[in-house]
Every structure is written in C-alpha cells, then in structure tokens.
Amino acid sequence: MESASAPISEACGRALSDKTYEKRKMAASEIEKMVIEFNAKKNVAQIRRIIEVLSRDFVTSNDSNKKKGGLIALAATSIALQKDTEHFIEELVNPVLNCLMDTDKGVRYFASESLYNVIKVARGAIIPMFPSLFVSLSRLVTDPDQAVKNGSELLDRMLKDIVIESNATFDLNVFIPLVRERIFAKNSFARQFIISWISVLNTVPEINMVIYLPEILLGLYQILEDPMPEIQRMCESLLTQFLKMIKADPTVTDLSQMVNVLIVQAQSSNVLIQYTALIWLKEFIQLSGESLIGFSSGIFTAVLPCLSFESESKKQIKDCAIAINANLLELVSTSENKEKNLNAMELDSVMEVLRQYLIHSSVPTKIAALKWVHHLFTEVHDEMSRKHAKNLFPVLLRDCLSDSSDEVVLQAIVVLAEIVNSATASGSGFDQRQYRHFLMELLTLFSENKIFLENRGTLIIRQLCRLLNAEYIYRTFAEILQEESTNLKFASTMVRTLNMILLTTSDLFELRNTLRDIRNEKSASLFECLYRCWSHCAVSTLSLCLLAQCYQHVSEIVVLFADMEITIDLLVEIDKLVQLIESPVFASLRLALVSHANDNADAQHLSRALYGILMLLPQTEVFNLLRNRLQCVPNYWGQPATLSSASSNESQSKINFGELFAHFKRVQELHHRQRVEQRKKMG
C-alpha cells in the first residue's frame, strides 16, 4: 500500500522535520531533484502530490520544525520547476502566506525567505496573486523581529521589480483599494511601505497614479505628521511630484474632488501639513479657480485665520494664505467670468463663514472678512441687501465698531456705509428710513457705552460723513436726538460731539458752507433741524448760530446765560468755543467784527455777544485770548444797531427765530429740572 506521504519517502520526511537546518536543507534538495525529474517527464500529478503533502503535513503542522522544513521544500520545488512554477503558483504561494502570520518568528522568517525564492522564480506569473502578497507584505514590514523585517525588505524590493517589469498586466484598479485601506495606518513602517509603493509606481511612465490621487490624498497628508523625519521627507517628496504632474496637465485628474481634503488639512495644527495643503490650494485656484468657486466658504474657513500668523515659523503659511485670498478675490473682481463666478459662490454659506470671522478673531482676519463683505455688497448688492444685511448689522455695530483696532473700525464703517447705500442703489431717491434705522442703532450703542462714545464716537462719525451724505447724517442724528426726553445728559454729550466734528473736520467744509447761507431755503431747513437738537447743549447752540452768522440771535442767547446754572462743564464748553473762534473755521466771524456791512449791525451784535461770553469766563488764559481779540475791534457801545436791516442773514431767511428761542429755553429748562431731580435722588 502506498504511503500517505508518497512520493516523499519516510526518511526524507523525517529529515525534513529535523530540528537542524542542515538536515532539512538536505531533504529539500532531495525533493528538488524529485520535482526536476517529474517535471522532465511532464508528470504533473506527482508534482501536485508533492506540493499537497508539503502543504498538508508540513507547512500547516503544529510542529515549527516541520513548518520550516515544508517552507524550504516548497521553495526548492519552485526552483526545480523554474518557468513552470506559474502552473502551480497558488498551491505554492498560499501555504507560505499563511505562515507569514505564525506566532513563531523563526517560521515567519523562513516563510519570507521561501516566498522570496518562489517569487524570484515565478516573476510576472505572480501578478494575479498581487493583492494577497501585498496584504501579507504590509503586515510583515511591521514585524517586531528585525530578521523578519529584513527579509520583508528583500521581498518588497523583489515584488516591486516584478511589478515594474509587468506594468502592462498590473491592474491599478486592484492596487488602489489596497492602498486606500492601509494608508491610514499609524505604524511608521507601514506608512513607509505604502509611500514607497506609491512612489515607485508613480515613476513608471506607463502607470498614471495621478488619476487615483483623490482616493489617497487624505492618507498622504496624514502620513506627513509621522514622527520619523525620513518618512515625512518621503511623503513630502511624493506630494511634490504629484503637484508637479498636476501643474503640467491640470486635466489629468479632477481637482474639485480634492479641494475638501485640502481645506480640512489647511486647518491642521501641524505646520508642515497646513503649509503643504495651502500650497496645493493656491496652485489649484491658479490652475482651475473658476471650477472651485463653489468651495469658497470652505477656503475662507481654512485661509482667513492664517492671515493673523505673526511668528517666523508660520510666515510662509501667512504669505500663502494672503496669495490665496488675493487670487480668490481676483476671480470675482476682474476675471471675464466675474458674474458667473459670483453666482457660483453660494453666498449663504460664504456669508455665514465671514460673519463668524467678524467675531472673536484677530485683526488681519477681521479686516479680510470685512473687505470680502464690502466687495460682495458692491458686486451683488441686491441679493446681499435682501438676504444678509439684517444679520450683519448687529455684528458690525456691536462687535466690529467696538474693536480695539482703528483699522477694523474704519473698515466696518466702510461696510456699513455700503450696506446703507446699496439699499437704495436700484432706486432713484434717497431712503432716509435706512439711514435712520442705522443711526438709531449707532446712537443706542453710544448711549449704552460712554467709553465707546468717548474713544470711538468721533472716528466713527467722521468716517461716516466721508462715506455717506454728511448732511443726511447730521439731519438724521438731529431728528433722533431732538426726540430724546429721558436721557438728556446723553443727548447733550452727543450734541457736543457732533458740534465739535462739524466745526473741526475738513470733510464737513461743504456742510459748514451750507449752514452759512440760511437765506437759502434748504440751508434754513437744515439749520432749524440742527438748532432744535443743538438746544440740548447751550454752548453748541451758540457755536451753531455763530457759524450761521445769526449774530443778533447769539447776543440774545448769551443774555440767557445769566439765568442758567454755570457749571464746570459749561465753562469748559465756553473755553473750547473761544479757542474755536480763533480757528480758521471762524475767520469770517472775526472779519465780521470790523465789517461795515448792514450798517454795522452784525458787527455790533457779534461784539456784544462776545463781550457777554467774556463776562461769563473766569480770568484765565482763554479770558485773555478773547479780550485781546475784542481789543482789536472798534468800540460799538452807544451806537444804535439797525436791527431791522433787510440785508442781515436772519431777516432775509424764513426762519422763525422767536419760535427757536422759545424752544431753546424750554429744552434748557428740562435739563435744569432733570439735574435738580438727580441731585435730590443722590441725596
């Protein structure tokens, strides 16, 4: 009866199971001779029988010596078969692959050596089994035993050589899923294995790895954070090669499929990952920006925070972010397809991101976000006004205008002005309701925060007057403040602020000229509107009337000061007024003191008014300043004033100064009563 191990003899089987390597090696040589003989006779059945016995009785045995002997014998069988190995490839390779996961490191080593010899003989015939080999090899490279790891490196190099030789039959559609499953491994050696395979295949002209880049890009970026510098360099070099290929032919792969990966990686805390992702984003936008416009909100999320980096280590990141922001802005500003790009931008998501960056972010980031908001309002004002202005207003008013940076405040005002203007851009008239709503919100903000008004009030109002219609700004402020009946102190403070801006800012030159000509009906209307509001502050009312050259009315108001409570605040305001009289704004006033026009009436009224102010002042430097000025003026005392002269501003205007005078006294009485009540409460 034939032995179960036939055609392998019992003696050969014992030697193959021996604990010494030499005896196992000799037994394997005997099997090699048998296979050569059977192969020469085309006795395929016996060859399969030998492989079956080796696999069943030796390689799958629980005895490690038998496993080692069987592995050597399988390699010897392959060597004996030479090119005919391809007919038995699965029977030879599968048992060996199973041993690569053995708990005995010696068995694993012999398995890698055996597989090396089989593959060396089989060459291209091994390609159909590539997936199984790749999976086993990916585990083997992480083996804790150095000898096994060294063996895996030899095996890896051999397999790569064969794949390169057989590139015509190598199926990337099979390879990529294998890579995709293993590219997120945390083990450095596993990462090195994956990178080396991708790099090798990427150098083969006949293999186009870039096509599959969207599937593996995320994994490559994660490998960049590996703690081993060598692996970082390998991965960085590979990514550089890929980007170079994309720049050479942007159509070789779908860039849009990779943008979201780049956006996420550009927000990494790892400097190398972040910088590399931003470089890719910049190149993508330059290569195919219009197709990426739909990703704008994500790009903003990644790029805008980088604008605030100040450290030298992140300078390159900041520079790259600046370039991306500029490139994106150019796409929706100057490109031929500007309108198409704006429509593709998905404004809802873009504005949500920009709005978030207007709060609790750095100054450069806020500035960039504000400039984008302003640009969008100028380009698509209808949609922005209709859908986004309402949500932006609170953020711009409450957060941006209160920012510690003047640059942020000024840019926020630019945006607010554009919002107000764009609301009426499609109409022919001026929508005063829009101004009123905006300025009411601003006044509320000033009233709630005294420090904010002191530190930012003048800057904000001056900038608004530059960007918007200064006359409407002042008229609307006046109309709102005139109605104030509870917080009279705030109204007075606000009037002083507005008055000082009016009298000192070069941007309001035209407005001052308008007020000087109250004979004009429009100018008279503005004067009356301001007067009713300015009545909250007695000295501001004086300066407004001096500006409008209503000198007789000024002299009448000054007389009322005798019955007013002369407070420190009032004296300070008078002090400032006297200094303003010496400024270029009131040059015409100083000349009026010596003018013979209107039968000297204006000069006399003005002189009496200024003497009255002088009498209110304590004898300080300002007192001396005004007295010295008046000493240069002719003595008009005792001369009659032609009060009914038809040539004066007051008489030629249609303003009812009697009514205004009564209003002034009424408002000042309200202020007096409120001060008295407050003192009573304080006790």
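Start your tour at the largest cavity, which has a volume of about 60 Å³. A cavity here is a set of points on a 1 Å grid over the protein atoms alone where a 1.4 Å probe fits but cannot get out, and its volume is the space filled by probe spheres set on the points. This is a predicted model, where local features need pLDDT of at least 70, side-chain atom pairs count only at pLDDT 80 or more, and totals for chains, interfaces and linings use all residues. Residues are numbered from 1 along each chain as its sequence is written, and side-chain values use heavy atoms, with hydrogens and water left out.

Next, select Asn499, Met500, Leu503, Val539, Ser540, Ser543, Glu573, Lys576, Leu577 and Leu580, which line the largest cavity; lining residues have an atom within 4 Å of a point. Now colour α26 (488-504), α29 (538-547) and α31 (568-581), the elements that each give two or more residues to this lining. Helices such as these are DSSP runs (H or I, at least four residues), numbered from the N terminus. The largest share, four residues, comes from α31.

Is Ser17 buried or exposed? Ser17 is buried, because its relative accessible area is 16% and buried means under 20% (1.4 Å probe, protein chains only).

Select Gly13 too: its backbone oxygen lies 2.9 Å from a polar atom of the Ser17 side chain. Finally, show Phe58, Asn65 and Lys66, which Ser17 touches (heavy atoms within 4.5 Å), leaving aside residues up to four places away in sequence.

Definitions and conventions:
Buried < 20%, exposed > 50% of the residue type's maximum accessible area, 1.4 Å probe, protein only. Polar contact = N/O pair within 3.5 Å; in protein donor to acceptor, adjacent residues only side chain to side chain. 1 Å grid on protein atoms, 1.4 Å probe; cavity = no way out; pocket = protein on both sides within 12 Å on 5 of 7 lines; lining within 4 Å.
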